[in-house]
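Please have the sequence and the model open side by side.

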Amino acid sequence: MLIAAEPLAKVKAARSAARDWRLGRLDHRFDMAMPDRPARPDCPELLPPNRMPKRGKGGSERGRTALIHALAHIEFAAIDLAFDAVGRFGGQFPRGFTDDWMRVGADEAMHFALLDRRLKQLGSHYGAMPAHDGLWDAAAATAHDPLARLAVVPMVLEARGLDVTPATIERFAGVGDTATTRILTRILNDEIRHVRAGTIWFESACERHGFVPETMWQDLVATYFRGVLKPPFNDSARDSAGLTRGYYAPIAVS
């Protein structure tokens with residue numbers, strides 16, 4: 001997956017790998033070096049976050065299309081994040097870790113494919129607008145430490161999706177875009193499972209090493225997450241994912 005640059009090739013590779021793992025066609029062996037960065041298509045142009053054009057509030061059709069494009073890029077990067085976690089850290093965890101992140105990778109590929117198809121229905125396509133590579137920056141910063149990776153990627157970045165996606169769903173529902181609303185609702189439900197997987201494996205590793213999960217998570221977030229945690233928080237969705245307020249409330253910025 002990480003060496004497949006074109007979106008269609010990456011989606012096919014992700015689905016194939018997840019299926020082969022599920023059917024027992026792949027060995028539980030991790031003896032290949034992982035690339036420092038995944039392959040990327042020529043488009044979209046990747047810009048620093050502070051150079052990204054403003055999308056506005058999504059009131060116009062162009063603004064909504066730009067928002068769908070941004071979400072598609074997040075899901076595209078998330079494919080690599082899931083499979084990088086398998087290849088980089090799978091040997092340090094029980095087999096169930098690979099089960100979970102293979103399934104997450106397949107989900108992310110499906111999410112991207114749905115959003116890319118929606119873009120085409122709206123007369124656009126993935127790559128038509130610039131994007132940023134902030135998700136992979138987080139992966140690179142935590143490439144040496146599975147606890148840091150779990151703390152930052154599923155338990156901060158994906159958890160933020162739980163916070164903001166309901167309002168995004170309402171925005172598209174408000175203009176009668178039921179097709180996008182259905183896609184985002186499906187993604188939200190899947191992302192709860194993804195955050196739950198991250199929390200479960202984080203807590204499992206903490207227990208193995210004798211760490212207090214909430215305290216260790218707060219320390220790792222302070223070290224490796226460049227942003228700040230701020231409300232609104234979707235407490236119910238986070239709680240469903242096992243990410244209780246005891247993790248994030250003490251360090252959230254009001």
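Rings of Phe, Tyr and Trp, the last taken by its six-membered ring, count as a pair if their centres lie within 6.5 Å. In this model, which is predicted, that rule gives nine aromatic pairs. One of them joins Phe93 and Phe97: the ring centres are 4.3 Å apart and the planes lie at 10 degrees, so this pair is stacked. The cut-off for stacking is planes under 30 degrees apart. Both Phe93 and Phe97 are buried. Ring pairs also tie these two residues to Trp101 and Trp201, and the four make up a cluster.

Another pair has a different geometry label. Phe112 and Tyr126 are both buried.

Helix 3 leads on to a helix contact. Two packed helices are described by the angle between their axes and the distance between the axes. Helix 1 (residues 7–22) packs against helix 3 (residues 95–121) at an angle of about 145 degrees, and the axes are 9 Å apart. The crossing of helix 1 past helix 3 is left-handed. On the helix 1 side the contact is made by Pro7, Val11, Ala14, Arg15, Ala17, Ala18 and Trp21. Helix 3 contributes residues including Arg95, Asp99, Met102, Gly105, Ala109 and Phe112. By residue class, the contact of helix 1 with helix 3 has twelve nonpolar, two polar and three charged members.

Next, turn to helix 6 (residues 178–209), where His194 is found. Is His194 buried or exposed? Its relative accessible area is 0%, so His194 counts as buried. Leaving aside residues up to four places away in sequence, His194 touches Trp101, Val104, Asp107, Glu108, His111, Pro154 and Glu158. Trp101, one of these contacts, is also a member of the ring cluster described above.

The cysteines remain. How many disulfides does the model contain? The count is zero, where a disulfide would need a pair of cysteine sulfur atoms within 2.5 Å. Cys43 has 46% relative accessibility and therefore counts as partly exposed. Cys206 has a relative accessible area of 0%, so this residue is buried. The limit for buried is under 20%.

Note on methods:
Residues are numbered from 1 along each chain as its sequence is written. This is a predicted model: local features need pLDDT of at least 70, side-chain atom pairs count only at pLDDT 80 or more; totals for chains, interfaces and linings use all residues. Side-chain values use heavy atoms; hydrogens and water are left out. Axes are lines fitted to C-alpha atoms, for helices over the stretch in contact, and angles run from 0 to 180 degrees between N-to-C directions. Helices (H or I, at least four residues) and strands (E, at least two) are DSSP runs, numbered from the N terminus. A crossing is left-handed if the near helix is turned anticlockwise from the far one by less than a right angle, and right-handed if clockwise. Contact means heavy atoms within 4.5 Å. Ala, Val, Leu, Ile, Met, Phe, Trp, Tyr, Cys and Pro count as nonpolar, Asp, Glu, Lys and Arg as charged, and the others, Gly among them, as polar. Buried means under 20% relative accessible area, exposed over 50%, partly exposed in between (1.4 Å probe, protein chains only). Rings of Phe, Tyr and Trp (its six-membered ring) pair if their centres lie within 6.5 Å; planes under 30 degrees apart count as stacked, over 60 as edge-to-face and the rest as tilted.
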